[in-house]
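Please read the report below alongside the model.

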Amino acid sequence: MSRVADAMNHWFSFPENIEKLMFPASRTHETHDNENKGFGSIPADILDTPKEFIFYLDVPGLSKSDIQVTVEDENTLVIKSGGKRKRDEVDEEGCKYIRLERKPPQKLMRKFRLPENANVSAITAKCENGVLTVVVEKLPPPPKPKTVEVAIA
């Protein structure tokens, strides 16, 4: 039965497979299991527009001060958080939680290898309503070479 479940997970994880095609990772940039030990994954959507790449990441309960967005190795976008969700403190006497189910991972991290045309010096990020939006501008396409005819004397 586990083979069927593994096959189903493989086929239904097509957004991640598309991401691997769009943002291929070399062996030196792949995220290894040991590197992510203790980290949870952040769900992400990636939008490719004509002028930029837009990353939408779910970070419920985290504030912008809990999240770090960096670029490593010149083309690897790294989003991580060591912060924990804050619980509302119960100030009233005699009140207590009777169920606590919303326990997030203590640390979150996600890495994306950016394509060649990503302008890593023009990255912006904002966090609103539990969604982190990271915008990576694209570099303009290189100018097309001009052909100049030279007259032979």
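The report starts with the basis of the values and then moves from the whole chain to single residues.

**Basis and confidence**

The model is predicted: local features need pLDDT of at least 70, side-chain atom pairs count only at pLDDT 80 or more, and totals for chains, interfaces and linings use all residues. Residues are numbered from 1 along each chain as its sequence is written, and side-chain values use heavy atoms, with hydrogens and water left out.

The predictor's confidence in each residue is pLDDT, on a scale from 0 to 100. The protein averages a pLDDT of 77, and 65% of the residues score at least 70. Confidence is highest in E8, at 96, and lowest in helix H2 (residues 14–22), at a mean of 50. Residues 25–34 have a pLDDT below 50; beyond near neighbours in sequence, this stretch has 11 contacts in the model. A contact means heavy atoms within 4.5 Å. Where pLDDT is low, the predicted coordinates should not be read in detail.

**Overall make-up**

The protein has two helices and eight strands. Their order from the N terminus is α-α-β-β-β-β-β-β-β-β. Both kinds of element are DSSP runs, numbered from the N terminus: helices are H or I with at least four residues, strands are E with at least two.

Of the 153 residues in the protein, 23% are buried. Buried means under 20% relative accessible area, exposed over 50%, and partly exposed in between, with a 1.4 Å probe and protein chains only. Among contacts with a separation of 6 or more, 60% are between residues 24 or more positions apart.

**The open sheet**

Which strands form the open sheet, and in what order? The four strands are E2-E3-E8-E7, with antiparallel pairing. Two strands pair if DSSP finds at least two bridges between them. Strand E2 (44–48) and strand E7 (118–128) are the edges, each pairing on one side only. The twist averages 15° from one strand to the next. Axes for such angles are lines fitted to C-alpha atoms, and angles run from 0 to 180 degrees between N-to-C directions.

E2 pairs with strand E3 (residues 52–58) over five bridges, in the antiparallel sense. Asp48 stands opposite Phe53 in E3. Three residues make up the hairpin link from E2 to E3.

E7 is joined to strand E8 (residues 131–138) by seven bridges, and the two run antiparallel. Ile123 stands opposite Val136 in E8. Thr124 has Val135 in E8 as its bridge partner. These two strands also form a hairpin, with two residues between E7 and E8.

Most residues other than glycine have a negative phi, and most peptide bonds are trans. Two exceptions in phi are tabulated here.

| Residue | Phi | Loop | Relative accessibility |
|---|---|---|---|
| Glu74 | about 70° | between strand E4 (67–72) and strand E5 (76–81) | 70% |
| Asn129 | about 50° | between E7 and E8 | 81% |

Is Glu74 buried or exposed? Glu74 counts as exposed because its relative accessibility is 70%. Asn129 also counts as exposed, at 81% relative accessibility. Asn129 lies in the turn of the hairpin that E7 and E8 form.
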